[in-house]
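Please keep the sequence and the structure open while reading.

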Amino acid sequence: MEKKNRLVAVVEIGSTGIRLVVAEIDRDGFWRVVDKAGKPVALGRDVFTSGTISREAMLACLGVLHGFRELLKGWGIEDDEIRVIATSALREARNRDTFVDRVYLQTGFRVSVVEGIEENRLMYLAVRYALKDDRPQFTRSNSIIIEVGGGSTEIMLLRRGKMVAAHSVRLGTILIDQQVGQATGSNRYLARFLAESVRNMRESLSAEMDLSHVRTFIVAGSDARLAAARLGTEVNAECSVIERAAFDAFVEKIQNYTVEECVQKLRIPFAEAEGIIPGLLAYKLFLECTAATEILVPNVSIREGLLITLASGVDPELQEEFFSQVIASAVSLGRKYRFDEAHSLHVTRLALKLFDELKAEHGLDRRARLLLEVSGILHDVGMYIRSSGHHKHSQYIVANSEIFGLHRDDLDIVSNVVRYHRKASPNSTHIAFIALQREERMIVLKLAAILRVADALDRGHSQRIAEIAVERRTDTIVLRPAGQHDLTLERLGLEEKSDMFQDVYGYKVILS
Amino acid sequence: MEKPKSEYFNRDLSWIDFNARVLEEGLRTETPPLERLKFLTIVSSNFDEFFMVRVAALKRAARSGVGRDPSGLTCEQQLALVAERVRGIVRRQYDCLTKEILPALAKEGLELVRPGFYSPFQMHYLEALFQREVFPTLTPLRVEEDADFPFTGNLRLHAAFLLSKGEAGEAERFAIVQVPSSLERVVWLPREEDGRARWTLLDDVVLTWGYKLFPGYSVKEASLFKVVRDADFAVDEERDDDFVEAMSEVLDGREQSHPVRISVSADSPRLRDELARRLSLGSDDVYEMPGPIDLRSLMDLTQTKGFDKLREPVWKNWWPLGLPEDEPLWETIRARDVMLHLPYESFDPIVRLVQDAAADPQVLAIKATLYRTSGDSPIVRGLEEAARNGKQVTALVELKARFDEGRNIAWAERLEQAGVIVVYGLARLKVHAKACMVVRRETDGVKRYVHLSTGNYNDKTAKLYGDLAIFSANDELAYETSLFFNSITGYSAVHTMRKLVVAPTELKHRIIALIDREAKRSNQEYPGHIIAKMNSLADIDVIDALYRASRAGVKIQLNVRGICMLRPGVAALSENISVISIVDRYLEHARIFYFANGGSEELYLSSADWMPRNLERRVELMFPILQEDLKRRALGILKTYFRDNCRSRTLGSDGVWTLMRPAEGEAPFRAQERIYEAMREEVEAIRGAPRQEFVVRRKPPAARE
């Protein structure tokens, strides 16, 4: 049987509108967009001002989604090939569950709300796709990928193509507009307000990367695409470039336009005109922090990111590349808290070795391995605060940080794993643990058990045990380090920390 | 011409010039008489629409005190000039009709017999006919001084009678009766031995025996008249829910709106003045016709069977050569774009596209815009069938297509019943773009087939209107056609596109940008060149862009059939612009635009004229011709018109159109004929040749398992 091409659809419920793409994915995982549609709905305006989605906006959404239903029927696309995602507006709406339910009952679309950091991931995939290999400096210099949306700003920092940090910050065009509007409503105030916000953000980012060394400035988002359509030149079909001077001049020119003037002079729809000035101004201010001479504007969005995910769901190479970005981001977080890099990475290596050897025992998948890897890297970051009780500090730091590519759910697992890398096992007073799903709790136990053993093997933080061989017997796991060492310290540690392993896997661990 | 001399011509006077050109085609003595009659009826029907829409609008503008038009005329001046010119044309029209065409027809055995010339036998026959068939349908209405004037509708032929009891002192009475529109206006008289086909007019019969409606009175005077009313008012766009009903109300309203013109027969000055007074029309609005009034209803006569020698020989509509008839359309169009030049080539491929799509199990969806389509059109039937076969069929039906609204409502509802998703146009905008798309799921993925055209999906006008269309499966074009449909069916806001240009969002801006680009690239060595063919040129911004280009040295050749507000050939303004107009047997309808673009030539087809109405208040499409051979072909067609020296007229800087004639020693060149002949030769050369290969019908390999 010949494998047929698939048609898939991605619908995104954003803070300024609802958009759809239909793509065809061929058997080799190549995809092309065959249809798209989009209508403005001011969800963000509702949510960021009142906290909930109004009845009118909900009806407007349903109207648009009904239309999309009909459109998709014309393509004969099955429900399991349709992905409906919602971003910041819905994420923050108090009545999001009601909304999701209404949409499902009335249109049959199952909405999944993506997190900011997942948005980052999708955006990263889309940007990589759009840049192709046409901007080689991306992998050589420092880059920033930024999108100012309606309710949040997504920022990714990359050093030589490797993810250093990914953040989703609560700075959005609608929010800005609202805050400024409440103050005075004048555009001059807007500029000052934005300048302050950007300065603050720059300071917090500078711990991770010095923005003044950024050479590649990549801007995603519809405002930037509008500017690119007027000022840019094409790098390829999916990406344009704007000279910095031209961009600055353009922003300078439109900065004092009213929304109506934007509609008229730029010939753009009202819904887009509302956010264009704060959006572009924010980009300009960020640009000023960097050494970039041009702005790259990929003509893609998270919808394309999701399409790439759908198309390459089985592409191991791309997945590994993506995982390596997650690891880079975790390492970067560790450095921010001045972790003992050698120890952490060493423990991680040992833990992964155990993970791989014990596949039959734990039955976990590749993603769990990634979470273990991140947990290993970050298990000691709490030391930054205080050595005593540092596992709890680690948990706190991880739970409140952002790691590129990891969902909230993933972070909940990782923060628990690092929490249990030493001291007490979970019990019924550990709220963060109990809050997890049953399956997730199992993952935490299995991973933490492995991490504890691995940590014990580098008790002295001296990386004396470089390699281990794992030998399985009926009721024991025997770990044989390569080479000859005095293992007293490690054995002691193992005695102390292998209790959980024994509980979870039913094996005693012996170092011989 | 008009004073003060302006950079622009007046729009409505320019339109009247166009109708004068149509008339001139009817004046040609070398043309067969029924063909001439057809041009004369077109002149009348054109004027009816012109009064309903343009004159009505001018009158309203005059009432509300709108200032001068771009040519510098006030509304009153325009109205006066319009009346003067129309009268001149009507005079020439009736002179020609009564002195040339009717006698010529009579000579050939097609004889109109007017009252007063009926033979006793004919009198007898007609009286019996009146009693039997006409009388029961007539409803006479008395006109009272102190009551409202009775309902006379729009464009409906009526008879008016001045009655008296014949007793001295008895006041005269005044009555009107509508000439039944359910009966044919041309009444054939029984054949006599000489074999001549004699005919008379139903209105003459009503006028002659109308006295029977008024027993006890005698008819002192009688006259025929027709009221033309303001039809240029908009439907209430706020009523989205019941738009169909709102539209129906507009149609009713059109029957009762302000009268703008009355045509009367030259039978009774008293009745004429009385009618004008009662309808509150000034003397400018009264048009007395020196002959049968309402010529447009004589259109049927031009189709009379058996008088082919009084008509031009029929030109065939060929099945396009570029589209092998015995192969699936899909295969050909997938391989290459195909151009269709209506009406030289036939409309059948478009019908077949829809029919094939309806029956094809691989087809997922069909989308089409329907503007002026007839209800029994094979396209509409094809769409119905497709919907019944489970395809998703979307039809955008433009209810607001002027004067076709009634027809549209009926079949749109029928489509809906068949399961077609019917979109009743867009609020405040008429959808004038012509596009059709078929989505097909093929073994190597989805494929879309589009048909984009300058003309409507109307199989009737497709035999008379000169239009260009392309079939294409080009991915980018098809993708953007999808986006276009998404926006007009309400799924989506308008997207910016690379290939298609949509009005009212982008088109005007793009046309001006293309003209300006040509100006910018023009230099001494490579002067720019624009050739554009359209129905009307009336957008001041576009005209200004053309003036700029002319000043930059761009050679601009315009082929404008109708209104042209651009003043060509004026030094330091438009000296590089020339304007021609072609009026011939086929109605020129294609909009083709050529830009030399520094050697990288671009050709576009469009549904839009360069008028504010098209560029700002309608949804229109402009699309590029992408395939090299088709570009050459379209350019060839464009250039052919400028070689015409028979049916072409050039516009002077003084606003006067001059008919081109072959110069000394020059062969006559008639563009439409040349295009037809060239196609005929090509078709005969290829179709005449015996087949080199048989077309073997087998299932595709994949289906054979």
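In this predicted model, the largest nonpolar core has 356 residues, of which B:L383 and B:L537 touch the most other members. The largest share of this core, 13 residues, is supplied by helix 2 of chain B, which spans residues 33–63. In soluble globular proteins, nonpolar side chains tend to be buried together. Leaving aside residues up to four places away in sequence, B:L537 touches B:I543, B:L558, B:V560, B:I563, B:C564, B:M565, B:L566 and B:W610. After helix 10 of chain B comes B:G390, which has a positive phi, near 90°.

Strand 15 of chain B (residues 434–442) pairs with strand 16 of chain B in the antiparallel sense, over nine bridges, and the two form a hairpin with two residues between them. Within this pairing, B:K434 stands opposite B:S453 in strand 16 of chain B. Strand 16 of chain B is also joined to strand 17 of chain B (residues 465–472) by four bridges, again with the strands running antiparallel, and here B:V450 has B:S472 as its bridge partner in strand 17 of chain B. How far is strand 16 of chain B enclosed by the rest of the structure? Seven of its nine residues are buried, so strand 16 of chain B is largely enclosed.

The contact between the chains involves 16 residues of chain B and 21 residues of chain A. On the side of chain B that touches chain A, strand 11 (363–370), strand 16 (445–453) and helix 12 (475–488) of chain B each supply at least two residues, and the largest share, four residues, comes from helix 12 of chain B. This side of chain B consists of nine nonpolar and seven polar residues, with no charged ones.

Helix 8 (residues 222–231) and helix 11 (residues 270–288) of chain A pack at an angle of about 85°, with their axes 8 Å apart, and that makes helix 8 of chain A roughly perpendicular to helix 11 of chain A. The residues A:S222, A:D223, A:A224, A:L226 and A:A227 of helix 8 meet A:E272, A:G275, A:I276, A:G279, A:L280 and A:Y283 of helix 11, and the contact has six nonpolar, three polar and two charged residues.

Elsewhere in chain A, A:T348 lies in helix 14 (residues 341–357). Is A:T348 buried or exposed? With 24 other C-beta atoms within 10 Å, A:T348 is buried, because the cut-off for burial is 20 or more. Not counting residues up to four places away in sequence, A:T348 touches A:E373, A:G376 and A:I377.

Two strand arrangements of chain A complete the tour. Strand 7 (residues 153–159) and strand 8 of chain A run antiparallel and are joined by seven bridges, with A:M156 opposite A:A166 in strand 8 of chain A. Their hairpin has two residues between the strands, and A:R160 in this hairpin takes a positive phi near 45°. Strand 8 of chain A (residues 162–169) is mostly covered, six of its eight residues being buried. An open sheet of three strands in chain A has the order 13-14-15, with mixed pairing. Strand 13 (468–472) and strand 15 (508–511) of chain A each have a single partner strand and stand at the edges, so one side of each is left without a neighbour in the sheet.

Definitions and conventions
Residues numbered from 1 in each chain as written. Chains lettered and ligands numbered in written order. Predicted model: local features only at pLDDT ≥ 70, side-chain atom pairs only at ≥ 80, totals over all residues. Buried ≥ 20, exposed ≤ 12 C-beta atoms within 10 Å, placed from the backbone. Pairing = 2+ DSSP bridges. Contact = placed C-beta atoms within 7 Å. Nonpolar A, V, L, I, M, F, W, Y, C, P; charged D, E, K, R; others polar. Core = buried A, V, L, I, M, F, W, Y, C linked by C-beta atoms within 7 Å. Axes fitted to C-alpha atoms, helices over the stretch in contact; angles between N-to-C directions. Parallel < 35°, antiparallel > 145°, perpendicular 65-115°, else oblique.
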